[in-house]
Amino acid sequence: MRDNLSLSDLQFFLTLCRTGSLTETAHQHSMTKGAASKTLSRLRFSFGETLFMRRGRGMTPTTRALEIEEQLRGPLQRIQSLTSPSVFAPELRHRIFRIATYDANVKPMLHPAVKKMLSIAKGHAGLDMRTFDENFWNDLAGGMLDFALLPVTGMPEGFCGQYFCTDAYVYVVDSHHPLLERQRRRQLTIEDVLEYRQIKMQVNTHSSSHDRNVILDTDDTPSYASFRSSFFVSSLLLVEDTDLITMVPCQLAAAMSRRLPVEILGRPEKGVIHTVHLLWHRSRDRDPEYQWARSVILSSRQHLIDPAEVPVIQGV
């Protein structure tokens with residue numbers, strides 16, 4: 001190996017071995033793709049090896065590259081632990097944290113965290129919010145995601161999690177809907193709800209089959225399904241100044257009720273309340289950057305509500 005490589009070049013090499021993506025590696029190292037290509041060329045020249053082979057849109061490390069990675073990983077981690085600051089100064093370093101969420105409608109829940117992050121970091125830190133897919137555990141382990149905000153019932157070895165909130169589907173109406181006055185006098189039932197036209201949601205849900213079939217699907221009461229919508233937020237806009245009823249996640253409803261003249265009517269008696277956790281890989285548990293980002297994200301919890309305290313609609 002020729003001795004013209006820097007510590008940053010070697011860290012770049014380890015990241016590319018882990019992610020298999022030149023674009024993702026450039027993103028993690030705050031580089032342009034052109035600069036990343038030059039770094040890869042420098043690595044190939046210095047090692048005198050191809051190191052990576054193109055496979056579709058990704059890059060696969062060669063056998064020799066994997067041998068080099070195994071020899072470098074331990075020493076570089078020890079060096080990084082010596083040179084990493086014990087405290088993260090967000091106002092001094094540009095950092096975008098990538099977080100996968102179970103639904104795009106989670107974003108209003110994180111609005112307080114976004115405001116706090118912008119205020120503290122003075123524009124140098126931010127959140128890249130993505131909808132998760134089935135590979136999210138691998139993406140967390142491989143560094144392609146920093147966090148995930150998901151309702152999970154268990155975690156594989158090597159991951160950490162912290163409680164974020166509970167959520168459930170709730171009925172939402174305009175703030176002047178007649179059922180709100182009726183609710184002040186007695187507990188509502190599904191018969192009360194079915195007196196009014198409803199918006200049928202056509203969404204992909206990762207909740208239980210009961211939520212999906214009974215709550216969101218109104219095929220069994222077609223005469224009451226007046227509109228169809230693929231987006232929860234748009235259904236909230238539709239109920240404004242009408243007697244329509246829609247169903248959306250509780251935390252989204254609570255966040256949007258602070259911006260729109262809508263109110264939560266109640267939650268189905270048999271609806272499932274699921275628990276959402278903030279997840280990350282154990283290798284980054286004590287990293288000052290991640291500790292700071294976790295504290296900011298988790299600060300949004302104080303603005304959320306408890307679905308268990310929402311009035312119950314009997315009979316559904």
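This report describes the confidence, cores, sheet pairing and selected residues of a predicted model.

**Overall composition and confidence**

The protein chain contains 12 helices and 13 strands. Of its 316 residues, 47% are buried. The accessible surface of the chain amounts to about 16200 Å², and carbon and sulfur atoms account for 50% of that area. Among contacts between residues at least 6 apart in sequence, 75% join residues at least 24 apart.

The average pLDDT of the protein chain is 83, with 84% of the residues scoring at least 70. Over residues 205-225, however, the pLDDT is below 50, although this stretch has 40 contacts in the model beyond near neighbours in sequence. Where pLDDT is low, the predicted coordinates should not be read in detail.

**Nonpolar cores**

The largest nonpolar core has 36 residues, and Phe136, Phe147 and Phe164 touch the most other members. Several elements each supply at least two residues of this core, including E3, helix H5 (111-121), strand E6 (159-167), strand E12 (274-281) and helix H12 (288-298). H12 gives the most, with six residues. Leaving aside residues up to four places away in sequence, Phe164 touches Met109, Leu110, Leu149, Val276, His277, Leu278, Ile297, Leu298, Ser300, Arg301 and Leu304. Another core, of 30 residues, lies apart from the largest one; Leu179, Leu236, Met247 and Met256 are among its members. In soluble globular proteins, nonpolar side chains tend to be buried together.

Arg95 belongs to strand E3 (residues 95-101). Is Arg95 buried or exposed? Its relative accessible area is 12%, and Arg95 is therefore buried, the cut-off being under 20%.

**Strand pairing**

Strand E1 (residues 52-55) and strand E2 (residues 58-61) pair in the antiparallel sense over four bridges. Met53 has Thr60 of E2 as its bridge partner. The hairpin of E1 and E2 has two residues between the strands, and Gly56 adopts a positive phi near 65° in this hairpin.

A further arrangement is an open sheet of four strands, in the order E10-E7-E11-E13 and with mixed pairing. Strand E10 (246-249) and E13 stand at the edges with a single partner strand each, so one side of each is left without a neighbour in the sheet. E10 and strand E7 (residues 169-174) pair in the antiparallel sense over four bridges. Within this sheet, Val172 stands opposite Thr246 in E10.

Is Ile313 buried or exposed? Ile313 counts as buried because its relative accessibility is 0%, which is under the 20% cut-off. Apart from residues up to four places away in sequence, Ile313 touches Tyr171, Leu188, Thr189, Ile190, Val193, Leu265, Gly266, Arg267, Pro268 and Glu269. Ile313 and Gly271 are separated by 42 residues in sequence, and their C-alpha atoms are 9.7 Å apart in space.

Key
Residues numbered from 1 in each chain as written. Predicted model: local features only at pLDDT ≥ 70, side-chain atom pairs only at ≥ 80, totals over all residues. Heavy atoms only, no water. Buried < 20%, exposed > 50% of the residue type's maximum accessible area, 1.4 Å probe, protein only. pLDDT = per-residue confidence, 0-100. Contact = heavy atoms within 4.5 Å. Core = buried A, V, L, I, M, F, W, Y, C linked by side-chain atoms within 4.5 Å. Areas by Shrake-Rupley, 256 points an atom, 1.4 Å probe, with all protein chains shown as cover. Pairing = 2+ DSSP bridges.
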